[in-house]
Amino acid sequence: MTLLLSCSAKEQAPIETFSFTAYLDTIIQDWEGQSIFIEEYRKLTGIELKIIQPPHQQYMDKLMVSFAEKDSPQVCEVLPEYISLMVSRDIPLPLDDFIADSQYVKNFDSDFFDSLRAQDSKIYGFPARDGGGCVTYIRKDWLDNLGLEAPETWEEFYTILTAFTYDDPDGNGINDTKGYTDVKSASEDWYNRAIMLNARVEIYFKEGKWIDGFTEPAFIDALKRLRKIYQEGLADTNIPTNTTFTARNRFISGDVGIITYWGNHWARNLLERTRKVSGPEVEIIAIPPLKKGYYIKRVAPLLIITKGTEDPQRVFTNFIDKQYDKSQIQTLFTYGVQGYHWDIIDGKPQFLTNENDPYKVPFTKAFVPPASVINDWDQEMEIDDVIQPVIKVLNENSIKDKIKYGGSYYNQYYLEIEKELKPELISRIINGELSIEDGMNLYKTRSNDLYIDRILKELNREE
C-alpha cells in the first residue's frame with residue numbers, strides 16, 4: 001500500500017483519516033520541532049501521528065503504566081531488558097508475518113533476524129537503529145595544559161584523575177574540578193568501561209552462557225578501583241545518584257574532565273555544549289579502552305506494535321517498514337524536516353542550528369542518528385567529522401550484547417536485581433557504608449531471595 005502524497009496538489013487523491021499513537025523516548029522533543037516532524041509525517045503518509053514522550057528518566061515506568069489505561073499506545077519504543085516481560089504479559093504482536101510481507105525490512109539478513117527472536121522463535125520488536133555504545137571522553141585541552149598524554153593503562157588513568165583534581169587543569173587558579181563522573185554508580189555496563197575494564201556489572205553472555213557479572217572476581221577488582229577514586233575525592237561525589245542528564249552536564253559545565261558516554265551524535269553535542277560554557281579552546285577526544293578493557297555495543301531499543309491495534313499492518317508498513325525506505329520517510333526519521341532541521345548548504349545537506357537550544361548548537365538527528373542507520377542506505381549527508389573518529393574507536397574496540405529472553409522468574413525479578421539491588425549495593429560499598437566482602441555477602445543473600453539461580457537457568461534454557 002502506497003500512502004505517499006504527490007508533490008502536485010492536482011494529483012493528490014483524498015486519503016481516509018487514519019491515526020495511531022506512538023510512545024517514544026528518543027524522538028526529538030517539543031523544543032526541537034516535534035510538531036513540525038509530525039506535520040511532515042502526515043504530509044508524506046496521510047496519517048495522523050500522536051507522539052507521547054515522557055521524561056527520559058521516567059520513560060519505561062510511564063510506558064508500563066500506559067498499558068493499563070484506556071487509550072494505550074499502538075507503537076512503543078522499548079528498552080530491550082523489558083521486552084521479555086512485555087511478551088509474558090501478552091502486550092506485543094509478533095511481527096514475523098509483517099516482516100515477511102514487507103517492502104524494506106525483509107531484506108535484512110537471517111543473522112539479524114535470529115538475533116531478535118524470543119524463545120518461541122518469534123520476533124516481537126524491531127530496532128530502529130544500531131544500538132551503539134559508550135566511549136570514554138577526555139578533555140584534551142586539560143591534558144595539554146598539564147603536559148599529559150591520553151592514558152593507555154589504569155595506572156596512567158589514575159594519574160590523570162589525580163592531576164585533573166589537584167593540578168588546576170582549567171587554569172582558573174582554583175582546585176574546583178574532579179577527574180571523573182559516571183551514571184548511577186556505574187551500574188549499567190556500557191557507562192563504566194574506564195573503571196570496569198574487563199569486568200561486568202550485569203548478567204551477560206560469556207562463552208556461550210549467561211552469567212552474573214556481579215559475582216565474578218573481575219568485578220571485585222573493579223569495585224576496588226571505583227571505591228578508591230571515590231573515597232580519594234577524584235570522582236564526582238554525585239555518581240551514586242547521577243542520571244545521564246546530570247552526569248553529562250557535570251562534564252559540559254567543566255566540573256569534571258572525563259566521562260564515558262554515548263559514541264554517536266553525543267560526540268558533537270558534548271564538544272559544542274562544552275565550548276559554549278568554557279570557550280572555543282575546548283578539545284575532547286575519545287580514547288580506546290584501557291589495557292584489559294573493552295567497550296560494549298548494546299542491543300538497540302525495539303519498536304513494538306501492541307495487541308488490539310487497529311490495522312496493525314498499516315501501522316507496521318508506515319512506521320516501521322518505511323523507516324528503511326532510503327527515501328522520504330527514512331530521511332525524515334533520520335534528519336527531520338528540510339528547512340527546519342536541515343537544509344542544502346553549499347550544495348550539501350547539513351543540519352541547521354536549533355534556535356531553541358540554550359547552547360545554540362546544530363541538530364544532530366530526528367529519531368535515528370545518521371551514524372546509527374542499520375540498512376545500506378547511501379546517505380547524502382556526510383557523517384560529522386567530529387563523530388567519525390569516535391565511531392571508529394567504538395567499532396574497533398567493542399563486543400556486542402545479546403537480547404535477553406527469560407521466563408517467569410526473569411520477568412518478575414530481573415529488573416529488581418539490576419535496577420535496584422546492584423546500584424544500591426555499589427553505592428553503599430563505594431561510600432564506605434559496607435565493606436566489599438559484606439556487600440558481596442549481602443548481594444548473595446538478597447539475590448538468592450530474588451531467584452537469581454532460576455533467572456540464569458531460564459536464560460540458559462536449563463528449565
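Modeller: The lining of the second largest pocket comprises 13 nonpolar, five polar and nine charged residues (Ala, Val, Leu, Ile, Met, Phe, Trp, Tyr, Cys and Pro count as nonpolar, Asp, Glu, Lys and Arg as charged, the others, Gly among them, as polar). This is a predicted model, in which local features need pLDDT of at least 70 and side-chain atom pairs pLDDT 80 or more, while totals for chains, interfaces and linings use all residues. Residues are numbered from 1 along each chain as its sequence is written, and side-chain values use heavy atoms, without hydrogens and water. The volume of the second largest pocket is about 560 Å³. It is lined by 27 residues, of which Asp114, Ser115, Leu116, Lys402 and Ile403 are the closest to its centre (lining: an atom within 4 Å of a point on a 1 Å grid; pocket: an open set of points where a 1.4 Å probe fits, with protein on both sides within 12 Å along at least five of seven lines).

Turning to the sheet, four strands form an open, mixed arrangement in the order 6-9-5-10 (strands are DSSP runs of E, at least two residues; helices, of H or I, at least four; pairing requires at least two bridges). Strand 6 (178–181) and strand 10 (284–287) are the edges, each pairing on one side only. Strand 6 pairs with strand 9 (residues 256–262) in the parallel sense over three bridges, and Lys178 stands opposite Val256 in strand 9. Helix 7 (residues 154–166) lies across strand 5 (134–139), strand 6 and strand 9, at about 120° to strand 6 (angles run from 0 to 180 degrees between N-to-C directions of axes fitted to C-alpha atoms, for helices over the stretch in contact). Helix 10 (residues 244–252) touches strand 5, strand 6, strand 9 and strand 10, its direction making about 140° with that of strand 9 (contact: heavy atoms within 4.5 Å).

Terms used. Grid points are joined across faces, edges and corners, and a volume is the space filled by probe spheres set on the points.
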